[in-house]
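Student: Hi! I have a new structure open and would like a friendly walk through it. Can we take a look together?

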Amino acid sequence: MAYQKNSAIAQTSHFGLLSTGLAAIMVVTVLASFSPRGLAQEVDQGPPPRLAADPHADSRIAEAIRQVSADHIRQTIEKLVSFNNRSTISPQDEESIKAGKGIGAAREWIKAEFERYSKDCGGCLEVKTDTFTEQPAERIPKPTEITNVYAVLRGSDPLQANRIVLVTGHYDSRNSDTFNGTDPAPGANDDGSGTAVSLECARVLSQASRTAKYPAKFPVTIIFLTVAGEEQGLNGSKHFAQMAKEQGWKLEAVLNNDIVGGNLGPGQDASVVRVFSEGLPAAATEAEIRRIRMLGGESDSSSRELARYIADVGRSYNAGVKPMMIFRLDRFLRGGDHYSFNQQGFAAVRFTELREDYNHQHQNVRKDDATGIEYGDLPKFVNFDYVAHVARLNAATLASLASSPAPPASVKMLTKNLENDATLTWEPSAGAAAYEVVWRSTSAADWEYAQMVTSGARATLKVSKDNVIFGVRAVDAAGHRSLPVVPEPER
Ligand SMILES: [Zn+2]
């Protein structure tokens, strides 16, 4: 009963009807009247809980995302379209590259663009390629060389630089025929927009570390990736994710941007971007699935925690677009590069505009004279301001994660005794000044409450563990939060 009341208040504030301060006061009041054992969340009478949705921003990150330029994004997308057809099976011989046509020319241009950003930041980016030959498959008629192009902004803290966060988009395109590598396949939205987001994040975040007055230092490594082969079967991302897995990368988050052009047309809502996340992890073992079933953990995959983190970033920074969490791997009949990372056990989500126009995706460029409908994925249907907003949300998420302490390890819920409160323990994280226990009703989509723990790596809360889902996140001295970790029960 008491819990339901609390939950209702939290939801009211989620809808923005109350200021955070007022909501906090109301939560305290409600708790006071329904909780006979008082307000203390820690046994030693700590402060009352606050909402987990309190905004918290870093002014240097806010400044960095202000540098995102819709005009620069437009130039990137128009340049990508100028290669005429970026199908993975389009030409990539020297002559075609020289002529500026085909996927080979696109690849060389992206590489040069990353190198240009690196020059502007004093060589702060390592520009790399991941090239392999894909053998013939359903959509690959002959052995085909596929190249992923990426830039690495190495973490500034040697102890944290092995942690990695990544943003990606696919630079290959297609028209109505998956096997056509010569006729126009502009791919302005799918996925020139996502490629432009990855490039723009690289540009502004590499520059942020050079800002004279308040340089932003990222202790964690950021990778800006553009992949090929998406339209032929996620080939590029599959290869890259496998490499990350085989090499034991500590890849904490993958942001996949695919169709974030905000197609200009009826029904579009440019104030939101969808964030898709898997529930049951693709990489879960049978034993893990049994545990998820036992604990009610269906909505707490690492990808879903990442989606909630993005929602938190969306409340803390003015990106110009709000994330709309969709608790589903992807849209019906469609897939994307985040799934390649999910399959290797990494947290990965997909950003996509709210309303897609299928006349402007995977279509030969043409006009139907009878209906007047224009087909084709052309730049004139892209809302460049919208892409810039999505880039800001991505950049703020990457910067927040790359500034955060490591998520706490070995987070446990003590379940030795039958009791009505909850005791959590964890191992200290590198770079953490404090920890925050967050929780929500089992039926709530997002975290509702937070309790700061400023000393030690243990907390007892007067909340029944049976009725809520807990997470623990590490917080540094400047207030940067790590991804939360949901506790494992320990007997
Ligand atoms: Zn796509």
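This is a predicted model: local features need pLDDT of at least 70, side-chain atom pairs count only at pLDDT 80 or more; totals for chains, interfaces and linings use all residues.

Student: Where is serine 193 found?
Tutor: Serine 193 is part of helix α7.

Student: And is serine 193 buried or exposed?
Tutor: Serine 193 counts as buried, because its relative accessibility is 0%.

Student: What lies 3.0 Å from a polar atom of its side chain?
Tutor: That would be the backbone nitrogen of valine 260.

Student: I also see a metal. Which residues coordinate the zinc ion?
Tutor: The zinc ion is held by His170 through NE2, by Asp190 through an OD atom, and by Asp258 through two OD atoms, at 2.0 to 2.6 Å. Along the chain, these donors follow the spacing H-x19-D-x67-D.

Student: Which parts of the chain does the aspartate pair tie together?
Tutor: Aspartate 190 sits in helix α7, residues 188–208, while aspartate 258 is in the loop between β6 (250–257) and β7 (272–276), so the pair links parts that are 68 residues apart in sequence.

Student: Let's zoom out. How many helices and strands are there in the chain?
Tutor: The chain has 13 helices and 18 strands. It holds 491 residues, and buried ones make up 57% of them.

Student: What share of the contacts with a separation of 6 or more comes from residues 24 or more positions apart?
Tutor: Those residues account for 76% of such contacts in the chain.

Student: Which residues in the largest nonpolar core touch the most other members?
Tutor: Leu205 and Phe224 do, out of the 75 residues in that core. Helix α13, residues 384–403, supplies the largest share of this core, with 13 residues.

Student: What does phenylalanine 224 touch, beyond neighbours within four places in sequence?
Tutor: Its contacts include Phe114, Leu125, Val149, Tyr150, Cys201, Leu205 and Leu398.

Student: Now strands. How many residues of β9 are buried?
Tutor: Six of its six residues, 348–353, are buried.

Student: In what sense do β6 and β9 pair, parallel or antiparallel?
Tutor: β6 and β9 run parallel, over four bridges. β7 and β9 pair in the antiparallel sense, also over four bridges.

Student: Which residue in β9 is the bridge partner of asparagine 256?
Tutor: Arginine 350 is the partner of asparagine 256. Arginine 350 is also the bridge partner of phenylalanine 276.

Student: New topic: where does histidine 480 lie?
Tutor: Histidine 480 is in the loop between β17 (468–475) and β18 (488–490). With a relative accessible area of 8%, histidine 480 is buried.

Student: Which side chains make a polar contact with the side chain of histidine 480?
Tutor: One is aspartate 58, at 2.6 Å. Another is aspartate 476, at 2.8 Å.

Student: Last one: where is isoleucine 89 found?
Tutor: Isoleucine 89 is in the loop between α4 (70–81) and α5 (94–99). At 23% relative accessibility, isoleucine 89 counts as partly exposed.

Student: How far is its C-alpha atom from that of asparagine 180?
Tutor: The two C-alpha atoms are separated by 7.7 Å, with the residues 91 apart along the chain. Isoleucine 89 also touches Asn180, and its other contacts include Arg139, Pro141 and Gln232.

Notes. Residues are numbered from 1 along each chain as its sequence is written. Side-chain values use heavy atoms; hydrogens and water are left out. Donors are N, O and S atoms within 2.8 Å of the metal (3.2 Å for Na, K and Ca); water is not among the atoms, so sites may look incomplete. Helices (H or I, at least four residues) and strands (E, at least two) are DSSP runs, numbered from the N terminus. A nonpolar core is a set of buried Ala, Val, Leu, Ile, Met, Phe, Trp, Tyr and Cys residues joined through side-chain atoms within 4.5 Å. Buried means under 20% relative accessible area, exposed over 50%, partly exposed in between (1.4 Å probe, protein chains only). Contact means heavy atoms within 4.5 Å. Two strands pair if DSSP finds at least two bridges between them. A polar contact is a pair of N or O atoms within 3.5 Å; within protein, one must be able to donate a hydrogen and the other to accept it, and residues adjacent in sequence count only if both atoms are side-chain atoms.
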